[in-house]
Amino acid sequence: MRVRMTRRVGFSSGHRYWLSTLTAQENRALFGAWASPYSHGHNYFLEVTVDGVVDESTGMVVNIKRVDDLLKDRIVSQFEGKSINDEISAFHACSPTVENILLYIRQCLLRDEGGDLFTVSRTEGGEPSQQVHLVHLRLEETPLFHGELDLLENKMTLTRIYEFAASHRLNSPQMSEAENIALFGKCNNEAGHGHNYVLEVTVGGEVDDRTGMMVDIERLDHVVKERVLLRYDHKNLDVDVPELSGRITTSEVVASTIFAQLDGSVPGRLEKIKLFETARNAFEVTR
Ligand SMILES: [Zn+2]
Ligand SMILES: [Zn+2]
């Protein structure tokens, strides 16, 4: 049986959007508002997912210690407490965006094996017996922004996380009062109720060689703010939002409506939205 295992590690690093190979004017033209000759820092978190067959003799896909050692040796030791632009040669002429860091981490992890395989021996010091596939990388730059690289589909996405607070009432005009109460329970309360919604917006596209960026995140923030947040935040979804008028504002409906609001307007390609109505329920819409 194949099982996937994910390991999460953290490192703190400095970076800047300012390439020493370019002039000040060229840097400003390329990075716009992000351009600065001074560094700032992030507490990055990297999640590495491997896929393999459970070894009957150990009960493991791979000894997690081997994965930890590999991540420490090849990734954390390079990044922890370092200035990425200055201390990792690959970033002297390449901007340290989440996109480029993900591509670099993939290259560091796969460097000996070729292809998309990351071979680990099952026993300490033993011969490599089975191949464990590196299938997914997720790099969190802040709690509200992360990138993911799916190695099987060779696809990269960026996800930005937003919040809005709104009220609503679940009530179907096609049902009787008793039927509405039976179906929707507390959510049918006549005066409504509210949620702090969390909205994750995931976009894909091609990484621009010059900027190292796949999409303009400032532009994404602007579009989400204009098309959703300003119109949904601190509103009653049943009466204040025209595209939800006359519809039952379940999170399935709200999530689908938000997807339609953003599709075609966000920079890059809208891949997915995920709407958390509460911390315990979430709804995903993909194309
Ligand atoms: Zn930064
Ligand atoms: Zn509700």
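Predicted model: local features only at pLDDT ≥ 70, side-chain atom pairs only at ≥ 80, totals over all residues.
Me: Where in the protein is confidence lowest, and where is it highest?

Reply: pLDDT expresses the predictor's confidence in each residue. In this protein the mean pLDDT is 92, and 93% of the residues reach 70 or more. Confidence is lowest in strand β4 (residues 117–120), with a mean of 56, and highest in strand β7 (residues 155–168), at 98.

Me: Which residues are the protein donors of the zinc ion (ligand 1)?

Reply: Donors are N, O and S atoms within 2.8 Å of the metal. Here the protein donors are the NE2 atoms of H15, H40 and H42, lying 2.0 Å from the zinc ion.

Me: What spacing do these donors follow along the chain?

Reply: The spacing is H-x24-H-x1-H. The pair H15 and H42 links distant parts of the chain: H15 belongs to strand β1 (residues 2–15) and H42 to strand β2 (residues 40–53), 27 residues apart.

Me: Are H15 and H42 buried or exposed?

Reply: A residue counts as buried when its relative accessible area is under 20%. H15 has a relative accessible area of 0%, so H15 is buried. H42 is also buried, with a value of 14%.

Me: How far from E148 is the nearest side chain of opposite charge?

Reply: A salt bridge requires the charged atoms to lie within 4 Å. E148, in strand β6 (residues 145–150), is buried yet has no salt bridge, and the nearest side chain of opposite charge, R138, is 4.7 Å away.

Me: With which side chain does the side chain of E148 make a polar contact?

Reply: The partner is the side chain of H136, at 3.3 Å. E148 also touches other residues, including L102, K155 and T159.

Key: Residues numbered from 1 in each chain as written. Chains lettered and ligands numbered in written order. Heavy atoms only, no water. Helix = DSSP H or I, 4+ residues; strand = E, 2+ residues; numbered from the N terminus. Buried < 20%, exposed > 50% of the residue type's maximum accessible area, 1.4 Å probe, protein only. Lys, Arg positive; Asp, Glu negative; His and termini not counted. Polar contact = N/O pair within 3.5 Å; in protein donor to acceptor, adjacent residues only side chain to side chain. Contact = heavy atoms within 4.5 Å. Donors = N, O, S within 2.8 Å, 3.2 Å for Na, K, Ca; no water. pLDDT = per-residue confidence, 0-100. Lists of a residue's contacts leave out its neighbours within four places in sequence.
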